[in-house]
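Grab a pencil and let's work through two exercises on how parts of a protein model touch each other. Try each task before you peek at the solution.

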There are 2 protein chains.
Amino acid sequence: MTTVGIVGAGQLARMAHQAAIGLGVDLRVLAETPTDSAAKVMPGVHLGDYRDADDLRRFAKAVDVVTFDHELPDPAHLATLAEEGHVLRPAPATKRFAQDKAHQRRELSRRGFATPAFADVADIADVEAFAGDHGWPVVLKAPRGGYDGRGVWVVANTAEAADVIDRTGVLLAEALVPLVREVAVLVARNPSGHAVAWPLIETVQVSGILRELVVPAPLAPDRSDQARSMGLRIAEAIDLAGVMAVELFDTGDQLLINELACRPHNSGHWTIEGSVTSQFANHLRAVLDWPLGETAALAPAVVTVNVLGRADGTAPEEGLTRALAVPGAGVHLYGKTARPGRKLGHVTVVGDDVDDVRDRARAAAAALGEPIDEEAS
Amino acid sequence: MTTVGIVGAGQLARMAHQAAIGLGVDLRVLAETPTDSAAKVMPGVHLGDYRDADDLRRFAKAVDVVTFDHELPDPAHLATLAEEGHVLRPAPATKRFAQDKAHQRRELSRRGFATPAFADVADIADVEAFAGDHGWPVVLKAPRGGYDGRGVWVVANTAEAADVIDRTGVLLAEALVPLVREVAVLVARNPSGHAVAWPLIETVQVSGILRELVVPAPLAPDRSDQARSMGLRIAEAIDLAGVMAVELFDTGDQLLINELACRPHNSGHWTIEGSVTSQFANHLRAVLDWPLGETAALAPAVVTVNVLGRADGTAPEEGLTRALAVPGAGVHLYGKTARPGRKLGHVTVVGDDVDDVRDRARAAAAALGEPIDEEAS
């Protein structure tokens with residue numbers, strides 16, 4: 001049997017285990033606690049701290065291939081493991097594109113991929129110079145560690161910028177791009193160089209948090225093809241092994257790279273019910289250098305709505321039977337303790353008409369968690 | 001969290017765990033060994049013997065609802081557990097329809113459901129009397145415990161019948177029905193009385209073992225509807241809680257009941273990829289008295305081919321990358337030790353054209369296990 005180890009035991013590892021069961025893959029997770037989302041549903045739980053080099057090494061020794069649930073491991077630790085001969089997929093140099101936003105911007109733009117204008121900024125003078133070229137507002141980003149809107153600040157002027165930079169130090173400055181929508185391209189690639197891209201995904205963000213996926217994204221076919229082709233070229237450029245999500249800004253004229261995640265990603269959750277092969281199955285197949293599965297959608301419309309913890313703290317389980325009563329609702333709960341705004345699950349509906357499918361997915365998700373506030377979107 | 005316990009830890013429990021993860025159901029299994037198919041992939045493993053009343057009771061005490069991976073538990077033990085207040089779904093009286101073939105024949109025919117002609121036979125004179133009415137050959141069946149062709153004998157004359165009856169004792173005699181094909185109707189019903197039926201399934205048997213499923217079964221729509229309606233009426237008649245498969249003989253003129261399984265069943269494996277809701281998800285939802293999910297097929301053609309152990313004993317894992325290279329092949333391995341003829345996995349392909357889909361499913365299954373011998377079918 002082949003043993004794959006995932007560093008981290010969140011919902012991505014949990015859903016990867018569902019795929020691992022079918023493929024006969026012996027999956028292990030490096031979990032912080034026995035009640036981590038994935039640790040609750042599988043036997044191969046190794047307890048340890050992903051921040052600790054020794055815990056990581058012990059885990060790597062127990063598995064054939066190391067892969068990841070998140071972007072947080074220390075790049076220096078990963079480089080050491082790779083030097084010691086452990087198989088990391090993706091490799092540390094690939095993972096850096098997801099871990100270090102400044103590196104991603106520099107390297108991808110150098111290779112001709114379209115990104116928003118950007119610059120490293122170390123002090124307020126740097127920000128003002130950048131705003132002089134590109135105008136206010138300016139987007140400031142922590143180069144590492146941010147996600148779900150954390151580590152990103154949109155500043156309107158020098159005073160706001162100074163406030164952020166005083167607190168954080170070195171940042172990445174970016175031009176605020178006028179958006180028509182955000183989309184994501186999901187790609188899997190194996191070490192043999194075989195790569196596949198799923199249909200383009202529209203990602204609907206509210207307050208910086210991904211709330212909803214719509215597949216296919218409502219772009220003209222040639223622009224969708226352009227995005228998927230960009231995703232496949234990036235995968236090759238960074239020598240991807242595994243699944244990657246490239247989040248893109250659609251300006252109407254251009255598709256600009258926003259962020260990369262070198263792992264299964266929230267934008268790919270629709271693939272469980274909606275595609276011939278799920279992102280989790282293809283991630284395992286990719287990191288094992290097995291042939292990849294087909295990525296076609298199984299229906300004309302697929303919508304996934306995230307379940308976020310209610311403001312009043314009630315658990316999604318309390319609304320489960322109401323959610324299951326919604327026709328066609330594919331409910332996924334992550335087994336996590338409810339906290340306001342926390343991602344606790346998602347619902348996918350597949351069908352023929354996007355409005356119908358969206359309505360049903362939203363209704364089921366609203367039974368489980370905080371409803372989407374249309375005003376805030 | 002709601003805890004469901006499955007007596008038995010074979011591949012049905014293993015695939016039920018995949019569904020349990022999504023629904024947030026805390027699944028436990030009563031396994032004979034830690035290497036049982038389901039025990040290898042989940043944390044909630046209770047070791048014990050399903051033949052032992054105390055082991056069963058200990059298990060029942062640890063869960064909210066008891067359900068089943070197979071038909072083998074002693075009906076007297078189940079009746080005792082139910083009397084003690086444990087929740088068994090299906091209930092012992094329902095399960096008896098799957099455990100006791102003579103009971104099933106008597107009770108279903110008494111309620112007007114069509115079955116082949118049958119009689120209890122205790123000696124050779126009884127068999128000869130039955131053959132006098134219905135002709136040779138006669139089908140002799142062990143009333144309990146047989147599956148996959150075991151416990152069924154087709155006898156051509158008095159001498160062959162005497163040989164079987166000398167070895168086995170009391171049997172059920174049935175008329176050998178001239179078949180066009182075999183089909184199965186898969187139904188889920190919850191204790192509140194809500195019931196759903198999946199599209200009709202053609203089941204292709206070779207040497208008494210289920211090899212292939214084709215959905216939809218190639219019957220006229222009104223005859224398929226008749227079969228599904230029969231399945232729903234049987235579910236109500238026997239007060240089903242959970243999933244049930246009714247295997248039917250299609251004589252061209254009539255649909256006659258062959259056997260019942262009151263649990264997820266091999267004939268429903270296509271539902272994982274091929275239907276809005278899998279049989280495993282609906283079984284859990286049914287035994288928890290939750291709303292049931294939609295049963296529509298996701299594509300015009302779905303074919304599942306069982307993977308049986310090769311005559312040379314090689315494990316399916318050896319052919320896995322070849323199977324995964326077949327476009328659209330949904331591979332399921334059960335993690336079981338390879339033995340010739342043993343069910344070790346299955347492959348499902350969904351698509352538009354049944355011949356294309358069947359070819360691909362067979363190609364992938366042949367990479368993993370013993371190819372189907374067309375001559376023997």
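Below are some ground rules and two exercises with solutions.

This is a predicted model, where local features need pLDDT of at least 70, side-chain atom pairs count only at pLDDT 80 or more, and totals for chains, interfaces and linings use all residues. Residues are numbered from 1 along each chain as its sequence is written, while chains are lettered from A and ligands numbered from 1 in the order in which they are written.

**Exercise 1.** Describe the side of domain 1 of chain A that touches domain 3 of chain A.

*Step 1.* Find the domains: chain A has domain 1 (3–88), domain 2 (117–175) and domain 3 (181–376), with bounds from an automatic or database domain assignment.

*Step 2.* The C-alpha centres of domains 1 and 3 of chain A are 22 Å apart. Their contact (C-beta atoms, placed from the backbone, within 7 Å) takes 18 residues from domain 1 and 15 residues from domain 3.

*Step 3.* Helix H1 (11–23) and strand S4 (65–68) of chain A each supply at least two residues of the domain 1 side. H1(A) gives the most, with 9 residues. Helices (H or I, at least four residues) and strands (E, at least two) are DSSP runs, numbered from the N terminus.

*Step 4.* Sort by class: 10 nonpolar, 4 polar and 4 charged residues. Ala, Val, Leu, Ile, Met, Phe, Trp, Tyr, Cys and Pro count as nonpolar, Asp, Glu, Lys and Arg as charged, and the others, Gly among them, as polar.

Key: Contact = placed C-beta atoms within 7 Å.
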